[in-house]
Amino acid sequence: PVVLEGNLDDDSTWPSTIRAEQVQPGAFNWSWIKGAVVRKVSAALGRPVVIEGNLEVDWAWPPMVRAEQVRVGNATWSKEPFMLEIRRLACRIDLHALLQGPVVLPMIELVEPVVRLETSEQGEANWTLPPTQTAADKREPGALPVIERLSLRDGRLTYYDYASNTRISMTLAEVQATTTGPEQRLEVEGAGQFADLPFRLTGYGGALQDLNDTKPYPLQVQLVIDQWQVDLNGTVAQPLQMQGVAG
C-alpha cells in the first residue's frame, strides 16, 4: 500500500510528500484467490477441483504454495465422487523459469493422499483426463511441468475394475520421486503395505516429457513383497493409460 499525505496542489498535481509502507508478504491472506486458483486448475484438468482448507503462499525462494483438503473430481461414470483427495499439498514454483516459458516445480509434497484408480465396465480409465488444450496451447502439445522432487507420505492407493469386480488396495508409507540429469529421468523409491504384507519399490524411467510421446516409455521396476521379488525391465507404450507393457 502507498499512502499519500497532504492535499493536491492548486494545479491538481501530487503532493511532495509520499510515504510507502512496507508489508510482510507472509502475513497476506491468500484465501481470497482460492476461487481463481480452483477455476484455473479445474479448467486445466477438465475435472472439478475443490480446496476446502486454507491456501497460503510462503515467499521464501523459490516461493512455496500450501493448500489443505484438496479434492479432484472423478469420472462421471464412477460411484466415487473424487479420484484424488489430499489432506495437505505443498509445492515450490520456480518463478525465474516460469517467466522464460516452462513450468518448473522444484518440490511437491503430498501428505495423506488418497488415490482411487478405476476402470469402467466398458474399459474406460478414470485417470484418463479429457482434452482441454486451447488453440494457443496446441502449439506445444503435451508440455508437462518439470517436477524435480516429489514426496508422498501416509497415502492410500486403491484400484477397482467394475467389469471383473476386482479390487486392490495398498498403503504408501513413503514415496520419493526425483528427476535427474539434463533429460530429467525419473527415479522412484517407496515403501508401504500390500494385502497386509510389507513391500518396497524401486523404479527408473525415462524423461517426464516422454510420457506423452508416441514412442514406448522405458521403465525398470523392482518390487519386493515380503519374501517375493519381482523385476520388470521393458517399456510401456501408453504410460498414462497404463497399457502396452512389454518386457
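What percentage of the residues in the chain is buried? Let me begin there.

1. Overall picture. Buried residues account for 29% of the 247 residues in the chain; buried means under 20% relative accessible area, exposed means over 50%, and partly exposed lies in between, with a 1.4 Å probe and protein chains only. This is a predicted model, where local features need pLDDT of at least 70 and side-chain atom pairs count only at pLDDT 80 or more, while totals for chains, interfaces and linings use all residues. Residues are numbered from 1 along each chain as its sequence is written, and side-chain values use heavy atoms, with hydrogens and water left out.

2. Elements and surface. The chain has two helices and 16 strands, taken as DSSP runs numbered from the N terminus (helices: H or I, at least four residues; strands: E, at least two). Its accessible surface is about 15900 Å², and carbon and sulfur atoms hold 55% of that; the areas come from the Shrake-Rupley method with a 1.4 Å probe, and for residues only the protein chains shown count as cover. Of the contacts between residues at least 6 apart in sequence, 43% join residues at least 24 apart, contact meaning heavy atoms within 4.5 Å.

3. The second largest pocket. Its volume is about 170 Å³. On a 1 Å grid over the protein atoms alone, a pocket is an open set of points with protein on both sides within 12 Å along at least five of seven lines, whereas a cavity is a set where a 1.4 Å probe fits but cannot get out; lining residues have an atom within 4 Å of a point. Grid points are joined across faces, edges and corners, and the volume is the space filled by probe spheres set on the points.

4. What lines this pocket. The lining consists of Lys79, Glu80, Val114, Val115, Arg116, Glu118, Arg156, Thr158, Tyr160, Tyr162 and Arg167. Strands β8 (107–119) and β10 (149–161) each supply at least two of the lining residues, and β8 gives the most, with four. By class there are six charged, four nonpolar and one polar residue. Here Ala, Val, Leu, Ile, Met, Phe, Trp, Tyr, Cys and Pro count as nonpolar, Asp, Glu, Lys and Arg as charged, and the others, Gly among them, as polar.

5. Aromatic pairs. The structure holds two of them. Trp77 and Tyr162 have ring centres 5.8 Å apart and planes at 85°, so this pair is edge-to-face. Trp77 sits in the loop between β5 (64–73) and β6 (82–92) and Tyr162 in the loop between β10 and β11 (166–180), so the pair ties together parts that are 85 residues apart in sequence. The other pair, Tyr160 and Tyr162, is also edge-to-face, at 4.7 Å centre to centre and 75° between the planes. Rings of Phe, Tyr and Trp (its six-membered ring) pair if their centres lie within 6.5 Å; planes under 30 degrees apart are stacked, over 60 edge-to-face and the rest tilted.

6. The cluster. Trp77, Tyr160 and Tyr162 form one aromatic cluster. Which of its members are buried, and which partly exposed? Tyr162 is buried at 14% relative accessibility, and so is Tyr160 at 15%, while Trp77 is partly exposed at 25%.

7. Phe82. This residue is in strand β6 and is partly exposed, at 22% relative accessibility. Phe82 and Arg116 are 34 residues apart in sequence, with 7.7 Å between their C-alpha atoms. Leaving aside neighbours within four places in sequence, Phe82 contacts Arg71, Val72, Gly73, Asn74 and Arg116.

8. Backbone points to check. Most residues other than glycine have a negative phi, and most peptide bonds are trans. Gln69, in strand β5, has a positive phi of about 55° and is partly exposed at 30%. Glu112, in strand β8, likewise has a positive phi of about 55° and is partly exposed at 35%. The peptide bond from Trp61 to Pro62 is cis, with omega near -5°; Pro62 is in the loop between β4 (55–58) and β5.
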